[in-house]
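Hi,

Here is the structure I said I would pass on. Have a look at it first, and my notes on what turned up follow below.

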Amino acid sequence: MLPSTAAIRRDILQNWKVVVVDDEPDSLEVAVRILRHYGADVHTATNGKEGIESVHNLRPKLVISDLSMPEMDGWGMLQELKQDRSTLDIPIIALTAHAMVGDRERAIMAGFHNYLTKPLTPATFMKDLLVLLMDIPAFAQELTV
């Protein structure tokens, strides 16, 4: 069980490159500010095509992506990244404001590592994200809260 957000080490994501892909400025800002607060080197994109370019250029440790975006949605971005051997193993967490019954399972079956719902809130985002990251064996070993 994770401690309260206040007890999470400020450097828990130190040296983590994270790409956040979202066309909604408020969600993007919340994610960026919180991830940076915990030490992550955060890069952003506003659609799936930009997200793919960022992932190829930066080789992040983690991608957090909205599902519904213009030009290319999160589903299309996921499909392209999972078909590329060089990006296949990068964990991608889905974000959506339109959470419906079965969406989490659908996202995981498609290849997302897990799923977060919007709106993102400063009070719970990091704790919720850490719970998901602890389910990824390679991350669970290095994340000490």
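Helices (H or I, at least four residues) and strands (E, at least two) are DSSP runs, numbered from the N terminus. Bear in mind that this is a predicted model, so I took local features at pLDDT of at least 70 and side-chain atom pairs at pLDDT 80 or more, while totals for chains, interfaces and linings use all residues. Residues are numbered from 1 along each chain as its sequence is written, and side-chain values use heavy atoms, leaving out hydrogens and water.

Now to strand E3, residues 62-66. Its 5 residues are buried, 5 of 5, so the rest of the structure largely encloses this strand. Leu62, Ile64 and Asp66 point one way, Val63 and Ser65 point the other way, and all are buried.

What does E3 pair with? On one hand there is strand E1 (residues 17-21), parallel to E3 over 4 bridges; two strands count as paired if DSSP finds at least two bridges between them. Here Val20 has Ile64 as its bridge partner. E3 also pairs with strand E4 (residues 92-96), again in the parallel sense over 4 bridges, and Ser65 stands opposite Ala94 of E4. To get from E3 to E4 the chain passes through helix H3 (residues 74-83), in a right-handed β-α-β crossover. Right-handed means that, with the strands pointing away from the viewer, the path from the first strand over the helix to the second runs clockwise.

Zooming out, the open sheet has 5 strands in the order E2-E1-E3-E4-E5, with parallel pairing. Strand E2 (41-45) and strand E5 (114-117) are at the edges with a single partner strand each, so one side of each has no neighbour in the sheet. E1 is mostly covered, with 4 of its 5 residues buried, and pairs with E2 in the parallel sense over 5 bridges. Val18 has Val42 in E2 as its bridge partner, and Val19 has His43. The chain goes from E1 through helix H1 to E2, and this β-α-β crossover is right-handed too.

On to the cores. A nonpolar core is a set of buried Ala, Val, Leu, Ile, Met, Phe, Trp, Tyr and Cys residues joined through side-chain atoms within 4.5 Å. The largest has 29 residues, and among those with the most contacts inside it are Leu35, Ile64, Phe125 and Leu129. E1, H1 (25-37), E3, E4 and helix H5 (125-133) each supply at least two residues of this core, and H5 gives the largest share, 6 residues. Ile64 touches Leu35, Phe125 and Leu129, among others, not counting residues up to four places away in sequence; contact here means heavy atoms within 4.5 Å. A second, separate core has 18 residues, including Val63, Ala94, Ala107 and Phe112.

Cheers

Definitions and conventions: Buried < 20%, exposed > 50% of the residue type's maximum accessible area, 1.4 Å probe, protein only.
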